[in-house]
Amino acid sequence: MTETANQETAKNGTENQEIIKKRIFSGIQPSGELTLGSYMGAIRNWKALQDQYDCVYCIVDLHTITVRQNPADLRRRCMTQLAQYIACGLDPEKCILFIQSHVPEHAELSWILGCYTQFGELSRMTQFKQKSQRHADNINAGLFTYPVLMAADILLYQADLVPVGADQKQHVELCRDIATRFNNIYGNIFTIPEPFIPEVGARIMSLNRPEDKMSKSDPEGCVFLLDKPEDIKRKFKRAVTDSDGRILYNPAEKPGVSNLLAIYSAATGENMPDIIARFDGQGYGQLKSAVGDTVIEILKPIREETERLLKDKKYLEEIYKAGAERASKIARKTLLKTHKKLGFLPR
């Protein structure tokens, strides 16, 4: 833990009581519309954490441009994603909400950390290999150094915990290696973060290909937060299951049925044995219909509140500008300390 360990002071009656809150950093790319997987696997957990931790939540638009983006669409998605963050329950008074490119310290620290990251470390990143195959015509340097920028995102805020999916855990491990290497040379500059992977709802799978994670790149296999009820019903009705008709939770042998059960459990909070007992003998049609109806109910207030917020652009601009200012204050302190250790002249 560093000198910048995150502390808050609160008063309990007439006595001063020191309360230490660990800091959490996380973000989602605005590369497409937010999905049910994004909500159940990340944002809903962020909401639960904002009362217990010092939370910094970001819209990571710099990461998005490793793939070519339409500028107008990117601007729209950033604003929509901010509205959805708030509609999902993230409170700008309790946590910092901002857009990554509005805090230039991210890019500057990324360059510095890149000089302390080995080529071999980056070449072993699983996501780089996967994305290189999907975007063979645009294997750019940003795609290769993506994990260094992610490390800068985390280390700028001296984050103690990073809520991530299992597919991002490798990046957090690299972040830890980079921070440890830097600290070993210059002293305790960076907090060494720990990955925080929620057990419930952490991995919602595609409705079309239940062996794969639900992805915004597969419109028919995923449910978007702003989908209309009739579209949600249609997608669940077409969800892949199997031919034996048994309601069992076994991801290896029955991935489609297990995914539906997992979504229902995450949506209702009910335990798996009770859900299986309820639908036993009813057939897949009943299960699909019930899961679809439940998802429609939990997404309805999010969709309506998002639509309301998007009509108030001035409010959203105030939120992301205030968030960037708060984020910059923390990030600048870390960056200037790093400059000093490196031997850069003061500005």
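Colleague: Which residues of H12 do Leu36, Tyr39 and Met40 in H1 meet?

Modeller: The model is a predicted one. In it, the H1 side of the contact consists of Leu36, Tyr39 and Met40, and their partners in H12 are Val295, Ile298, Leu299 and Ile302.

Colleague: How many residues of the contact of H1 with H12 are nonpolar?

Modeller: No charged residue takes part, and no polar one either. The nonpolar count is seven.

Colleague: Are H1 and H12 roughly parallel or roughly perpendicular to each other?

Modeller: H1 spans residues 36–49 and H12 spans residues 284–310, with axes 12 Å apart. The packing angle is about 80 degrees. Angles of 65 to 115 degrees count as roughly perpendicular. The two helices are therefore roughly perpendicular.

Colleague: Why are the buried residues of H4 on the same side of the helix, and what arc do they cover?

Modeller: In H4 (residues 105–114), the buried residues are Glu105, His106, Leu109, Ser110, Ile112 and Leu113. They pack against several elements, including strand E3, helix H7 and helix H13. They lie on the same side of H4 because the arc they cover around the axis is only 165 degrees.

Terms used. Residues are numbered from 1 along each chain as its sequence is written. This is a predicted model: local features need pLDDT of at least 70, side-chain atom pairs count only at pLDDT 80 or more; totals for chains, interfaces and linings use all residues. Side-chain values use heavy atoms; hydrogens and water are left out. Axes are lines fitted to C-alpha atoms, for helices over the stretch in contact, and angles run from 0 to 180 degrees between N-to-C directions. Helices (H or I, at least four residues) and strands (E, at least two) are DSSP runs, numbered from the N terminus. Angles under 35 degrees count as roughly parallel, over 145 as roughly antiparallel, 65 to 115 as roughly perpendicular and the rest as oblique. Contact means heavy atoms within 4.5 Å. Ala, Val, Leu, Ile, Met, Phe, Trp, Tyr, Cys and Pro count as nonpolar, Asp, Glu, Lys and Arg as charged, and the others, Gly among them, as polar. Buried means under 20% relative accessible area, exposed over 50%, partly exposed in between (1.4 Å probe, protein chains only). The arc is that of the directions from the helix axis to the C-beta atoms.
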